[in-house]
Each structure stands twice: as structure tokens, then as C-alpha cells.
There are 2 protein chains.
Amino acid sequence: MENCIGCEIISGGLTPPGGFIHNGEQWTLTHSIAPGGAPLRGMLILQTRRHCTQLADLTPQESRALGPLLQVTCRALEELFQPARVYAGSFGEGVPHVHFMLIPRLDGMPIGAELLKQVLEQHLWTCPADEAAALAAQVREKLRNVL
Amino acid sequence: MENCIGCEIISGGLTPPGGFIHNGEQWTLTHSIAPGGAPLRGMLILQTRRHCTQLADLTPQESRALGPLLQVTCRALEELFQPARVYAGSFGEGVPHVHFMLIPRLDGMPIGAELLKQVLEQHLWTCPADEAAALAAQVREKLRNVL
């Protein structure tokens, strides 16, 4: 689909820091690319390979693969960051391609909707691209044995 | 687990409007109960039957069942409300029991994190309990053929 950031990532036209963490048949996992250019520290994006815009439209294969991928990715983020919680949400309408944002809530970050507002609208909690790439590599290594 | 609203719902000590929409081996689906007493219109809660606090701790059975349940529930909400989008997120730290909030974004509602803030912190977009109960019954009817 043209003009869809999700599809650009899948096609290789746009490379998130560190490249694909997981490049599966149904879903891909990458580090986030922030709207302003700086990636959001540790925020990963799990998105469908296929262009689709609604969770309701997931195929049986996509929906069956979703939960196990969420679980192992949250586990990897926990082991790497020891966050208070890993948030998982699909509500980003800026990119009309089904994706879950996985956000480790680190020390000093606010709770709940306020954190999401700061991350998604105010673009706080960013990090340098090379740090995000290194993090992507660490998650990839952790997932190597379970995916 | 004592003092866990999630566990109170599972045990029957607390009944969301309309009761269980789905009462499965791994997950249950109910209409939301708002912190202030008034349910949030159409917001459903998919939670684990077992008390657990992190997505990383989901069992293989729980994680395999998650995606298909999210998909069919989003489909039911779409058919009932024709929302612009159904949001799905697990980031409510007020209830330390793994749950996904499913929120149909209806006409007039803001987009993204602002909607979550209005729903979760400002307790806007509520509805009378009997309306929520009727809605729960409608979703239950829709899911009857697919679960």
C-alpha cells in the first residue's frame, strides 16, 4: 500500500534502527521510528506483514501468532530493562496498518495514558538511533532461541 | 488474589454490567466497570482467568488464545458500533491483573492517547449501567457462533 509507513518497513524502503528484530510470515518486529526522527527508547513495533487496518480483519494465522509474539517480546523487554511494566497497545491511527506498540515503562516515566501522551504526542523519552539499533540487536539475540 | 478487581470479577464477587460475555478457560470478556461507577460506553475488558500481572508471564495456552479472542471481539464491536477504530491496549496499572481494554472510538471521540486520557483518567464517555448491560448481551450474542 502506497504512503503506508508500515508497508514501507516491510518492503525495506524504510529501515528502523537495527533493522528487523523478527521477520516472520505473519508479523514483523522492529524498533520504533519516531515521527520527529528520534526513536523512542525501547519502544518496539509488532506489525502485520500484510497491509490491513483493523484488528477485526486479522486472518486466523495472524491472530494465532499474535499472542505468543507479544508474550516473548514482553519477556525480552523485561529481561533487558526490568521495567515496572511493559505496555502493549494498538491504537496508533497515524499509521493505518495494524501494529502493536510495546513500551517498557522505565524509571521516571509517568503511568498509563499520560505516558502514552508523552511518548506519542510530545515525543519525549527518545534516544539516539545507535542506542536503539543496539537495543534491537539485544532483543533479536534474546528472541533467537524462542522464535 | 485479594484486593484485585480482576480476581473479584472472576470469582463473581463483582459483576460487570451484563455479566460475563465470554467465560473461557484462559480469558474472560466483560463490559468495563469504570472507577467512578459508571461504565465506559462499549469498553470491554478481556482478562486472564488466572491472576497474573505481566504479559511476559502468560502461559502458552493463554498466549495462543489471546489473538483470536481479540480479533473476534474487535469484529463484534465493529459490527455493533461501526467505530472509526477499535483500540486495544494493555497498560492499565490500576488493576494489577493482565487485561486488555477494547475501546470502540465512536463519533466525536478524540484520537489516540487523548482518548485514552479522557476515558481512563477523566472518566468521560460513560453510559448508564443498563445500556452497558444491553451492549454486553449484544456482544455475547455475536460471539455465540464463533467461540
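1. A:S63, A:R64, A:L66, A:G67, A:P68, A:L70 and A:Q71 in α2(A) meet B:S63, B:R64, B:L66, B:G67, B:P68, B:L70 and B:Q71 in α2(B); contact means heavy atoms within 4.5 Å. Six nonpolar, six polar and two charged residues make up this contact (Ala, Val, Leu, Ile, Met, Phe, Trp, Tyr, Cys and Pro count as nonpolar, Asp, Glu, Lys and Arg as charged, and the others, Gly among them, as polar). Please bear in mind that this is a predicted model, where local features need pLDDT of at least 70, side-chain atom pairs count only at pLDDT 80 or more, and totals for chains, interfaces and linings use all residues. Residues are numbered from 1 along each chain as its sequence is written, chains are lettered from A and ligands numbered from 1 in the order in which they are written, and side-chain values use heavy atoms, with hydrogens and water left out.

2. Now the geometry of that pair. The axes of α2(A) and α2(B), residues 60–81 in each chain, come within 6 Å and cross at roughly 125° (axes are lines fitted to C-alpha atoms, for helices over the stretch in contact, with angles from 0 to 180 degrees between N-to-C directions). That makes α2(A) oblique to α2(B); angles under 35 degrees count as roughly parallel, over 145 as roughly antiparallel, 65 to 115 as roughly perpendicular and the rest as oblique.

3. Next, the sheet. It is open, and its 10 strands run β1(A)-β2(A)-β3(A)-β5(A)-β4(A)-β4(B)-β5(B)-β3(B)-β2(B)-β1(B) with antiparallel pairing (strands pair if DSSP finds at least two bridges between them; helices, H or I, have at least four residues and strands, E, at least two, as DSSP runs numbered from the N terminus). β1 of chain A and β1 of chain B stand at the edges with a single partner strand each, so one side of each lacks a neighbour in the sheet.

4. β5(B) deserves a look. Seven of its seven residues are buried, meaning under 20% relative accessible area, with exposed over 50% and partly exposed in between (1.4 Å probe, protein chains only). β5(B) pairs with β3 of chain B over four bridges, with B:L46 opposite B:F100 and B:L44 partnering B:L102. Five bridges join β5(B) to β4 of chain B, where B:G89 partners B:M101.

5. Finally, α3(B): six of its eight residues are buried, so the helix is largely enclosed by the rest of the structure. The cover over those buried residues includes α3 of chain A together with β4 and β5 of chain B.
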